[in-house]
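Okay, thanks for coming, everyone. Let me put the structure up and then talk you through it.

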Amino acid sequence: MPEIRVTPLGAGQDVGRSCILVSIAGKNVMLDCGMHMGFNDDRRFPDFSYITQNGRLTDFLDCVIISHFHLDHCGALPYFSEMVGYDGPIYMTHPTQAICPILLEDYRKIAVDKKGEANFFTSQMIKDCMKKVVAVHLHQTVQVDDELEIKAYYAGHVLGAAMFQIKVGSESVVYTGDYNMTPDRHLGAAWIDKCRPNLLITESTYATTIRDSKRCRERDFLKKVHETVERGGKVLIPVFALGRAQELCILLETFWERMNLKVPIYFSTGLTEKANHYYKLFIPWTNQKIRKTFVQRNMFEFKHIKAFDRAFADNPGPMVVFATPGMLHAGQSLQIFRKWAGNEKNMGTVGHKILSGQRKLEMEGRQVLEVKMQVEYMSFSAHADAKGIMQLVGQAEPESVLLVHGEAKKMEFLKQKIEQELRVNCYMPANGETVTLPTSPSIPVGISLGLLKREMAQGLLPEAKKPRLLHGTLIMKDSNFRLVSSEQALKELGLAEHQLRFTCRVHLHDTRKEQETALRVYSHLKSVLKDHCVQHLPDGSVTVESVLLQAAAPSEDPGTKVLLVSWTYQDEELGSFLTSLLKKGLPQAPS
Amino acid sequence: MAAHLKKRVYEEFTKVVQPQEEIATKKLRLTKPSKSAALHIDLCKATSPADALQYLLQFARKPVEAESVEGVVRILLEHYYKENDPSVRLKIASLLGLLSKTAGFSPDCIMDDAINILQNEKSHQVLAQLLDTLLAIGTKLPENQAIQMRLVDVACKHLTDTSHGVRNKCLQLLGNLGSLEKSVTKDAEGLAARDVQKIIGDYFSDQDPRVRTAAIKAMLQLHERGLKLHQTIYNQACKLLSDDYEQVRSAAVQLIWVVSQLYPESIVPIPSSNEEIRLVDDAFGKICHMVSDGSWVVRVQAAKLLGSMEQVSSHFLEQTLDKKLMSDLRRKRTAHERAKELYSSGEFSSGRKWGDDAPKEEVDTGAVNLIESGACGAFVHGLEDEMYEVRIAAVEALCMLAQSSPSFAEKCLDFLVDMFNDEIEEVRLQSIHTMRKISNNITLREDQLDTVLAVLEDSSRDIREALHELLCCTNVSTKEGIHLALVELLKNLTKYPTDRDSIWKCLKFLGSRHPTLVLPLVPELLSTHPFFDTAEPDMDDPAYIAVLVLIFNAAKTCPTMPALFSDHTFRHYAYLRDSLSHLVPALRLPGRKLVSSAVSPSIIPQEDPSQQFLQQSLERVYSLQHLDPQGAQELLEFTIRDLQRLGELQSELAGVADFSATYLRCQLLLIKALQEKLWNVAAPLYLKQSDLASAAAKQIMEETYKMEFMYSGVENKQVVIIHHMRLQAKALQLIVTARTTRGLDPLFGMCEKFLQEVDFFQSFVDKLLDLMPRLMTSKPAEVVKILQTMLRQSAFLHLPLPEQIHKASATIIEPAGESDNPLRFTSGLVVALDVDATLEHVQDPQNTVKVQVLYPDGQAQMIHPKPADFRNPGPGRHRLITQVYLSHTAWTEACQVEVRLLLAYNSSARIPKCPWMEGGEMSPQVETSIEGTIPFSKPVKVYIMPKPARR
């Protein structure tokens with residue numbers, strides 16, 4: 001029995017460390033190769049020894065696919081390819097290919113330079129790893145080998161995020177990576193055609209959430225920033241360098257332009273400059289508005305947003321600063337925060353402690369910082385919510401769904417909903433757990449034109465999507481199948497035709513002569529079988545198509561007549577029907 | 001050079017080709033045999049299919065007259081039978097279709113042949129083309145039932161074809177010709193008629209998506225032709241909503257909409273439950289579901305159609321705005337609900353606390369439905385869509401539904417307000433307009449108003465002005481709201497001073513709509529103090545004027561308000577009432593009889609007396625013939641003066657009064673010119689006289705053009721009389737010229753031209769027509785003589801007044817012409833001057849309104865604004881916002897140029913084309929060209945200074 005096997009090495013009932021193994025029709029594919037944010041030991045990378053204890057991974061995996069550049073989807077890639085050892089192709093989209101090494105390098109720096117970790121991958125390894133990457137375009141079907149093909153679909157979420165369809169013959173799997181079904185200020189919504197895969201592997205971060213419209217959030221954000229700036233306050237927005245930051249930049253930039261504001265906006269430098277550069281280049285991956293207007297002006301060439309310099313933080317007057325990192329635990333955002341927190345005019349959208357209402361913070365060196373500034377919390381995350389997930393499942397129409405990248409409890413709810421409302425099997429394996437899906441792959445069979453035409457001539461129009469009965473002979477020869485008419489099959493195989501005839505006797509109570517009985521049978525059949533050709537032959541026998549009926553009088557009992565019914569194997573249906581009909585007897589003759 | 005050449009080519013084309021066709025129409029008999037014969041010879045000559053195809057293509061370029069169509073068709077058919085190449089047959093088939101469309105040709109004679117060749121045809125493409133031809137024939141003969149039946153039979157026969165193209169055409173044929181009337185002959189045709197829908201319906205499940213689409217389209221076509229579709233189609237159509245192909249889904253959405261409009265009240269069962277709902281509700285739910293379809297084409301289609309489903313029950317309607325939010329399986333309120341609650345609890349601003357939006361109660365996991373079958377959240381999705389086309393469609397639909405349901409209007413407010421922040425300006429503008437349209441159904445809450453007002457800072461002028469329009473007709477619930485609006489408007493005023501007029505107007509309506517809310521704000525707004533006198537504000541401050549406009553308009557219906565005014569307020573009132581009378585209403589102020597009495601007539605319904613006055617004075621004038629010339633002149637003068645004054649006083653009657661005054665003035669001029677005693681004196685002595693008369697003629701001409709083109713609502717009756725007047729003026733001119741010039745040569749041309757004009761409109765006094773034969777034959781001198789007597793005898797025509805007549809007018813808002821600083825630019829380069837003007841009662845401003853720049857050296861430049869520069873803010877009103885490029889050689893000192901607006905006209909465009917004007921002369925360009933222009937705005941002076949370029 002052919003089957004699809006799926007084993008999550010990471011992201012099974014968990015968020016982070018996405019890594020899913022899929023075996024489909026003898027091909028093994030690894031989807032994503034991420035790291036886990038929460039761990040600093042071996043657990044941060046997927047356990048690749050699951051794939052093979054000894055021997056190169058290349059022998060076991062046909063390809064690796066990376067959905068987008070977030071580290072929990074690509075963070076373990078250099079480790080996997082260079083340190084564990086994998087030389088096969090790695091597929092990702094062009095923007096991912098461009099931005100991924102920047103993030104990996106940044107991650108390496110923090111791990112090695114700041115935390116002093118040994119036995120970590122090096123810059124050279126990142127470079128070597130990226131050499132193995134094959135970039136794909138949206139909707140481009142890439143032939144990995146003779147049988148395995150992959151195709152990327154737009155996923156929104158971040159620049160270059162893609163969903164992948166993996167297809168072998170007629171069996172296919174779709175992996176969504178992270179995606180969002182509502183557009184934002186710089187990216188569009190995920191889209192997939194009705195590809196009807198055997199399995200859809202979808203993320204389920206927001207499995208139990210239905211979100212409000214984005215517009216309220218945007219409006220709130222803009223209004224709060226605008227109000228603060230108008231009061232003369234400073235606004236600090238801690239962000240992660242990539243993804244949401246660009247969305248917020250676009251949002252503020254367009255707002256500034258619309259409202260004709262002159263207050264400066266700064267973006268802390270570093271990663272972001274490089275990243276912004278790539279955003280400028282990959283316009284086809286952005287949303288409708290940016291794509292349409294870029295002929296006049298590339299939206300990522302900001303007019304109002306300038307690079308930040310440390311000295312600017314002390315400037316008087318209002319300003320808006322985007323600073324990294326987003327959680328305000330270190331770096332520039334923390335520095336600025338310390339400077340500005342004391343003034344109630346200012347505003348920031350910041351870290352966890354402050355969010356939970358703490359107003360006095362203990363800094364290193366036992367300083368206590370009193371937070372007088374206003375603190376706002378705003379969520380701009382780009383994952384599909386429960387409705388969005390259902391919508392995507394509805395669009396792709398898979399045979400079954402598999403949930404990854406989410407918390408077990410939430411998955412449970414969504415699983416139940418998917419099974420209830422869409423009537424689709426749903427799975428949610430934990431890490432290391434294997435799900436096996438039996439598939440019924442369709443086998444193409446060639447049919448001879450003569451046979452097809454003959455069959456079509458018999459019936460009415462061929463109905464789409466409706467099965468039909470067809471008589472023919474199936475010839476299996478060198479792993480291909482052909483359906484031909486039996487005559488042709490005989491001819492091809494050099495066999496002589498044998499005729500198989502069934503004969504049956506039916507006793508009838510009839511006192512009349514044979515000829516009359518035959519006539520009665522004839523008229524009876526004629527009235528019952530209107531569609532068939534019933535004939536009365538001169539020798540006293542009756543034929544219905546090719547079924548022969550003969551009446552004979554047995555010598556012993558003149559009251560009964562024996563009706564001989566004979567038909568060939570091909571007419572089995574009609575023959576058995578006739579016998580059963582005749583066994584019921586003839587209708588009383590009108591006397 | 002290239003342009004010149006191109007023009008040459010074009011001219012030649014028009015000159016050569018058109019006359020030929022004219023000739024061809026006259027020599028029908030000659031061309032008919034030659035045309036078909038030529039084709040026949042060509043086709044016989046053709047050695048290869050490619051040749052034949054070439055000949056056919058050439059042939060197709062020229063039109064064929066109705067009389068010769070049949071001959072051509074015969075030849076084509078003859079060749080068709082012989083032809084083996086399918087591409088040639090295809091071309092012939094398409095030619096047959098084209099030919100059968102020829103006006104005046106009845107194609108029933110070729111139908112038999114067409115059907116005949118159809119039966120023997122093997123190629124699918126040719127078959128499809130032949131069916132198309134049959135469709136053309138069928139649509140040409142809508143009356144002939146028998147033919148229609150026959151064609152339908154043919155279509156049914158070919159429906160089983162294996163090619164999708166043929167099936168497509170068959171379905172199209174069925175849709176267009178399937179019989180509508182069952183009752184014509186009941187026995188045989190009744191059956192066929194019933195079948196059409198079923199036959200088409202069977203193809204809803206065809207294997208080819210194109211055929212499925214064609215089937216649905218055919219069904220829609222049947223509906224359009226007035227056939228009532230069966231309700232059973234509804235279920236079939238619903239199945240198609242989940243089709244794989246977008247064009248099928250898109251068409252299916254339309255079909256469902258059509259059926260829902262036909263059977264809104266029938267009951268359909270809900271699958272998987274025992275309940276039943278109205279069909280229109282079910283259809284609404286289904287179309288709502290399509291708003292989240294995978295293809296944006298379908299989404300646009302669905303969103304658009306939602307707007308026109310007015311019969312849907314309010315319960316379903318309100319669901320479209322409801323998307324049950326949850327977070328971690330706990331019910332969450334939307335930001336809208338939170339805002340509303342905050343507002344009702346009295347707290348104003350929020351969002352300080354984290355977790356403010358924290359989810360509250362637990363949700364029963366079983367009860368949550370993630371994909372609703374119903375309409376849930378359709379608009380929430382539609383308004384959030386990725387494509388702005390969908391968003392605009394959703395906003396439009398929202399607007400239409402809200403207009404028919406006040407409760408829905410109230411509910412959709414929050415969503416509309418959110419759309420004010422869309423990233424695409426078009427969407428923002430559309431949602432503001434929508435809000436304005438539904439504004440009589442709604443009252444804005446303070447927090448909503450806050451969001452609305454935030455948009456006032458938008459840098460786009462269109463958005464701001466749309467918003468001002470919106471505020472004009474908005475209901476505000478609290479006095480804080482009014483205050484907020486005023487503050488924001490003043491902020492807007494300081495940021496964009498050019499919005500001044502629009503803001504004043506907005507405040508005028510805001511004040512008059514909410515007098516009771518303004519009342520408690522008055523002391524604060526005027527900053528009066530119970531004990532101390534405060535400083536008198538600056539009267540020229542636009543912000544202060546804005547505040548006063550608000551207060552005075554509120555005071556109009558609030559008699560207690562003036563008691564709160566301080567002395568200077570009254571003085572300012574008097575000043576504003578005079579200077580900005582359109583913004584400041586008349587108030588009944590205590591102790592100010594003068595003001596109130598002067599204005600009091602405006603309170604009494606005054607239409608009747610002034611209308612009467614107008615009628616009477618005009619009637620008096622029309623009895624003119626009986627008076628002596630002196631008296632007539634006086635009477636005319638008085639009447640003109642009266643009318644002018646009336647127009648000034650009564651803005652509603654200004655159009656009529658001006659129009660008739662102009663007409664009377666023309667008459668007066670004519671009378672004066674004819675009145676001269678020296679009329680009969682010989683030419684040499686006549687020189688002095690000619691001045692007056694020719695000047696009069698010229699002026700009359702100008703005035704008549706004004707009458708014809710500057711007023712909207714002028715009917716044909718008036719146009720004829722205007723033309724009559726103009727002709728008289730022309731006659732006068734001719735006479736004057738005849739008397740003053742020596743020699744006859746120039747006169748010949750003039751006479752000829754004049755006679756042409758006379759022929760133009762039959763109405764120039766019947767007597768003149770009687771004399772026509774004499775005029776035609778006589779010499780110029782004699783013509784002049786006849787005219788002279790004629791003109792003196794000609795009577796004064798009664799001018800019937802049209803119902804509605806408005807004079808076109810324009811005001812240039814910008815440039816204001818007050819600046820002392822010259823606009824400096826380097827000579828030879830250009831400087832862009834922003835022009836902003838409002839136009840009233842101008843028809844088709846895109847083509848008629850021009851900007852003229854007059855340089856001090858007398859050089860005039862006419863600028864044609866782009867069509868996109870015109871906006872249409874209201875009925876009869878237009879707004880021109882454009883840039884005019886100025887350039888000149890260097891000047892020694894700054895000087896003023898004049899900018900004014902012109903109304904271009906072209907009288908020949910109005911008069912139907914005349915037969916004797918040779919086709920060659922009248923090229924199509926003349927039609928759109930400008931014959932003359934009328935200035936219709938006050939000129940504005942702009943100070944400019946082209947500096948010499950520095951080397």
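Let's start with a cysteine: is C399(B) buried or exposed? With buried meaning under 20% relative accessible area, exposed over 50% and partly exposed in between (1.4 Å probe, protein chains only), C399(B) counts as buried, because its relative accessibility is 5%.

Some housekeeping. This is a predicted model, where local features need pLDDT of at least 70 and side-chain atom pairs count only at pLDDT 80 or more, while totals for chains, interfaces and linings use all residues. Residues are numbered from 1 along each chain as its sequence is written, chains are lettered from A and ligands numbered from 1 in the order written, and side-chain values use heavy atoms, leaving out hydrogens and water.

Back to cysteines. If you call a disulfide a pair of cysteine sulfur atoms within 2.5 Å, the count over all chains is zero. For C63(A), the nearest cysteine sulfur belongs to C19(A), 13 Å away. C63(A) is also buried, at 0% relative accessibility. As for C399(B), its nearest cysteine sulfur is that of C412(B), at 8.6 Å.

Now chain A overall. We get 16 helices and 30 strands, both being DSSP runs numbered from the N terminus: H or I of at least four residues for helices, E of at least two for strands. The C-alpha atoms fill a box of roughly 125 × 55 × 45 Å along the principal axes. And of the 591 residues in chain A, 53% are buried.
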